[in-house]
Each structure stands twice: as structure tokens, then as C-alpha cells.
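Hi everyone, thanks for coming. Let me put the structure up on the screen, and then I'll walk you through a few spots in it.

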Amino acid sequence: AAGHVVGQASGQNALPEFTDAERAAIIRQGPWPMEFKPDPSNRVSGDTATAALGFRLFFDARLSRDAVMSCATCHRPERGFSEDLAVSEGRRTLTRNAPGLLNVRHNRWYGRDGGTDSLWASSIRTFLKAEEFDTGPDAIKALLQADPELREQVEAVFGPGAADADGEAVMVMLAKALAAFQETLVSERTAFDDFRDALAAGDDAAAALYPPDAARGARLFFGRGGCQTCHFGPLFTTGEFAEIGLPLFLPEGGVDKGRYVGVQLVKESRFNLLGPYNDDPARSTADKVRYLALKPRNWGEFAIPSLRNVSQTAPYMHDGSLATLADVVRHYNFIDPDRLHSKTGTRLQPLGLSDREIADLVAFLETL
């Protein structure tokens, strides 16, 4: 029955009284790691040699105009391939926080606004944006012509003469190599995964090894907090977008429209999955773009992030406006529903947590 309580285990820690429904919700957050499935739109997806090329490119500042920044400038390995700045510093100060890249291969959309539909297209967006790399096809091809070793590595992966293709094709090749590297960035198993697996196996004694405060936080997360509504499954995200009552005004004026712009960018891009650079003739993953429609509720929506490795990727939110996980929980604890711009779908309500419950929920998040 849904109200059945999982028995407490004997031992150093006592397992909280999880109902069957709560235990089932926890079990649905795994197993981890997820199976790797090559990206059919990228013919070099999963290829080891291409990933090695992508690794080299990830740290190569020459991909940006005047060689001022590389991918690693904003996606630092020691911080879960995110950064500690509220908003990124590109060729000028940007307006959004750089998302972490761990487990990025499982994303459905890319960027805080979902402005690209594949991992390789997200690198192309970075290449072309004036405030980021501000480079382009001709400059990227010229880099290969000037570096025989890099040219040789590219042609070893993409075939003889690949570096002599037109500039746009060369740019796409390098973006696909970068994607092959980023596909390898997978977070390790965590204390939560051991806890989840123990519950799945019915081993309450092993589950009771989980920190007590984190276990209480798990009950809040999967119980009355309702957090799994958006942070669902092994990745702790639905992979879609939400509006959560954050200010949208930009420092230099105007507003950040979020997903409302992202939808338009995807639909209009020459590099989307309906375009000529998709390596999958069947376009098997392109339906998400084919049937994508701009809706009023997209205004002010941003990507729902994965919570895996979340303790390593502060600050939080699309604009980096919340410094700690406790700040994030307090945002939801005291959220004002009247500040939400979207009037459709399920509306957020204040969580109403005590100080101890806030601490427990943070302790749970820290085990991810």
C-alpha cells in the first residue's frame, strides 16, 4: 500500500520512515551511471581519437579571436566544468552564469535558454557569438592551415583532405570533436547512489549508512517539497525549462527573455538537427525541433539544471544570483507566487520549511 512504511534498520544510524511512495520516487532517480548512447547526429560521437582531439581543442585559446579565451576559461575542470563567477567574462561581461558540463551528453537542449539542439551546435554558437569567441569559419580553417600537427590530427579523425573543406564544414568538424570530448565528462557515483541502490535492493541496513540529515532531506525533496517534479530521474532534471520568479532585468537595461529567445534561435539556426550538418540521414532526433513551437509561457523560462555535482558548481541560477545551496532552498522556501511571470501550468508555492529542514535539504543536495 502507498502508505506502508519501510522498517527502520538497526545500526549506527536509523533509517527514517520512508513510505513506499517515497522509496519508489528515490529509486526512480537511478541507476547511475546512465548508459552511453552515441549521438546519431555526430558521426564521431563516442570515438576515442576524436575525444582526444576535442580535449586538445577545449583548452586551445586560438579558437577565439585574438586567442583570448578557450572553452576552459568558463568551464573549469576543477569546478565541475563550471566557474565561480556569477556571470561569465567573455570578450565582455556576459549576462548568464556558465552551466557545468558534467553529464552534458545526456542533455536534450543546450545553453541556459536551450538555444541549440545538439552538443556540437552549442560549440558553434560559442564560436560565432561576438561576446564570446567571436571567430568564424574562415578563422578556424586558417588555424588548421597554420598548424600542421593540428591539421594532421583533424584529418586522422575526419579523413584525408578534411582540413581543406570549406570553412563552415571545418568549423562543424571541430565542434563535433569538442562534443566527442564533452561526452566523456561524467560525474562519479555518490553517497546518494549507494543509498538509492540499497533501497532498490531492499537492504535497509545498507541504506541506514546514509547520513541522517541527508536522509531527512531526501524525504523533503521527494515528499512535501515536490522537488522531483522538475528534478526527476537519474540526472535530477526533466531536461526542459521553467520560470521560477527570478528578476529578468539586465544590468545594462532590457530583460533576459530566456527560453523565449532560445526557441527562436533553434528554429532559425542553420546548424540545427534539421539542417545540412546532421550526420543522421533519418533525422531520428530531429522531431524535437520539427515540432518545437514558441509559446507565451516561454518568456523568462530557463533550463532546469541537473543537480548532480551541484555542490561544486556555485553560484546558482541562470544569472548566478544565489551564492549557496542554502540560498537556493530559501528562494523556494519564501517564493512569492505573484512574482511568477508564467500564468500557465503548475505554479510554485512557498515550501514553508523550518531552519532545520532547510539544513537537511542542503545536506541531501550535497550528497549528489
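I'll talk about aromatic rings first, then helices.

Quick housekeeping: this is a predicted model, where local features need pLDDT of at least 70, side-chain atom pairs count only at pLDDT 80 or more, and totals for chains, interfaces and linings use all residues. Residues are numbered from 1 along each chain as its sequence is written, and side-chain values use heavy atoms, with hydrogens and water left out.

Okay, rings. Rings of Phe, Tyr and Trp (for Trp, its six-membered ring) pair if their centres lie within 6.5 Å; planes under 30 degrees apart are stacked, over 60 edge-to-face, and the rest tilted. The structure holds 17 aromatic pairs. Take Phe-192 and Phe-236: the ring centres are 5.3 Å apart and the planes sit at 75°, so we call that pair edge-to-face. Phe-192 is in helix α8 and Phe-236 is in the loop between α10 and β1, so the pair ties together parts that are 44 residues apart in sequence. By the way, helices (H or I, at least four residues) and strands (E, at least two) are DSSP runs, numbered from the N terminus.

Are these two buried or exposed? Buried means under 20% relative accessible area, exposed over 50%, and partly exposed in between, using a 1.4 Å probe and protein chains only. Phe-192 is buried, at 0%, and Phe-236 is buried, also with 0%. Both belong to one aromatic cluster, whose members include Phe-18, Tyr-210 and Phe-364.

That Phe-364 is one of the buried residues of helix α14, and so is Ile-358. Contact here means heavy atoms within 4.5 Å. What covers the buried residues of α14 includes α8, α10 and α13.

Last stop, helix packing. Axes are lines fitted to C-alpha atoms, for helices over the stretch in contact, and angles run from 0 to 180 degrees between N-to-C directions. Helix α2 (residues 48-58) packs on α7 (residues 167-182) at about 100°, with the axes 7 Å apart. That makes α2 roughly perpendicular to α7. The cut-offs: under 35 degrees is roughly parallel, over 145 roughly antiparallel, 65 to 115 roughly perpendicular, and the rest oblique. Helix α5 (residues 137-146) and α7 cross at roughly 75°, with axes that come within 8 Å. So α5 is roughly perpendicular to α7 as well. Leu-174 of α7 is among the residues that meet α2, and Leu-174 is also among those that meet α5.

That's my tour, thanks!
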